[in-house]
Structures are given as C-alpha cells and as structure tokens.
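Please look through the sequence and the structure shown here before reading on. The report that follows takes up a few local features in turn.

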Amino acid sequence: METIKSKRDFEEVFSGGKRVSHRLVRATVLKCNEGDLGKVAFVAPKRLGNAVYRNRCKRVLREAARACSLPAQSTRIILFATKATHESSPDEVSEALRSLLKRCGING
C-alpha cells in the first residue's frame with residue numbers, strides 16, 4: 001500500500017480534494033491523472049487521545065482500507081479517524097468507507 005508522506009502531497013489533496021464525512025470516518029479524495037499510482041494516508045489527530053488510542057484508530061483505518069482495496073488507481077485519499085472509529089470494528093469502518101467512496105465516484 002503506497003502512502004502519502006510529503007507535505008506537498010498532503011497540501012495538494014487538501015486544496016483540490018473532495019471532503020466527505022461519515023460518523024466512523026472522514027475522507028478527503030483527489031482524483032489524479034490517469035495512470036498515476038494511488039496513494040492513501042491515515043490521520044488520527046491528537047485531540048482524539050493518547051498515542052495508544054490514536055494508533056488503534058489508525059490500525060482500524062488501515063484494515064478497512066485493505067478491505068476496500070485502497071488505494072484506488074489514480075486517486076489520493078486521506079482518511080481521518082473520529083471518536084467513533086476507536087470503538088468500531090474494521091468491518092464497520094470498511095462499510096462506511098465504501099459508502100464514502102461511492103459518494104465520490106470511486107469503486108471501493
């Protein structure tokens with residue numbers, strides 16, 4: 001799974017991406033040029049809790065992304081954990097993620 005690492009890539013997704021929300025996960029999605037490899041990032045802000053709490057949230061997001069076959073070709077996606085992400089199973093989050101991707105026009 002290719003991840004977004006550079007500040008430039010994050011800023012590009014934030015400035016031009018579409019934001020969608022669900023109770024379990026929020027996402028910002030940017031469709032790139034055809035043929036580009038897809039990339040994904042997992043974010044759990046400090047306001048959610050301590051490092052152990054945030055790491056659990058990111059593990060759930062990573063497992064849900066794998067279940068949805070992310071990253072999709074020619075897309076860059078940033079996934080944000082919410083308070084509800086921590087208590088949810090990866091299956092629940094993957095269902096939420098599929099509905100968000102469908103709203104963005106991405107098959108997941």
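How many aromatic pairs does the structure hold? The structure holds one aromatic pair, where rings of Phe, Tyr and Trp (its six-membered ring) are said to pair if their centres lie within 6.5 Å. This is a predicted model, in which local features need pLDDT of at least 70 and side-chain atom pairs count only at pLDDT 80 or more, whereas totals for chains, interfaces and linings use all residues. Residues are numbered from 1 along each chain as its sequence is written, and side-chain values use heavy atoms, with hydrogens and water left out.

The pair is formed by Phe14 and Phe80, with 6.0 Å from centre to centre and 35° between the planes, and it is tilted; planes under 30 degrees apart would count as stacked, over 60 as edge-to-face, and the rest as tilted. The pair links distant parts of the chain, since Phe14 belongs to helix 1 (residues 7–16) and Phe80 to strand 4 (residues 75–81), 66 residues apart. Helices (H or I, at least four residues) and strands (E, at least two) are DSSP runs, numbered from the N terminus. Arg26 lies over the face of Phe80, at 4.9 Å from the ring centre; for this, NZ of Lys or CZ of Arg must be within 6 Å of the ring centre and within 35 degrees of the ring normal.

The table gives the relative accessible area of several residues, where buried means under 20%, exposed over 50%, and partly exposed in between (1.4 Å probe, protein chains only).

| Residue | Relative accessible area | Class |
|---|---|---|
| Phe14 | 32% | partly exposed |
| Phe80 | 10% | buried |
| Ser69 | 57% | exposed |
| Ser74 | 6% | buried |
| Ile77 | 0% | buried |
| Thr28 | 2% | buried |

Ile77 is placed in strand 4, and Thr28 lies in strand 2 (residues 25–31). Leaving aside neighbours within four places in sequence, Ile77 is in contact (heavy atoms within 4.5 Å) with Ile4, Thr28, Val29, Lys39, Val40, Ala41, Leu70 and Leu101. By contrast, the C-alpha atoms of Ile77 and Lys46, 31 residues apart along the chain, are separated by 20 Å.

Two packed helices are described by the angle between their axes and the distance between the axes. Here the axes of helix 2 (residues 51–67) and helix 4 (residues 90–104) come within 8 Å and cross at roughly 60°, which makes helix 2 oblique to helix 4. Axes are lines fitted to C-alpha atoms, for helices over the stretch in contact, with angles from 0 to 180 degrees between N-to-C directions; angles under 35 degrees count as roughly parallel, over 145 as roughly antiparallel, 65 to 115 as roughly perpendicular, and the rest as oblique. The contact involves Val60, Leu61, Glu63, Ala64, Ala65 and Ala67 of helix 2, together with Pro90, Val93, Ser94, Leu97 and Arg98 of helix 4.

Most residues other than glycine have a negative phi, and most peptide bonds are trans.
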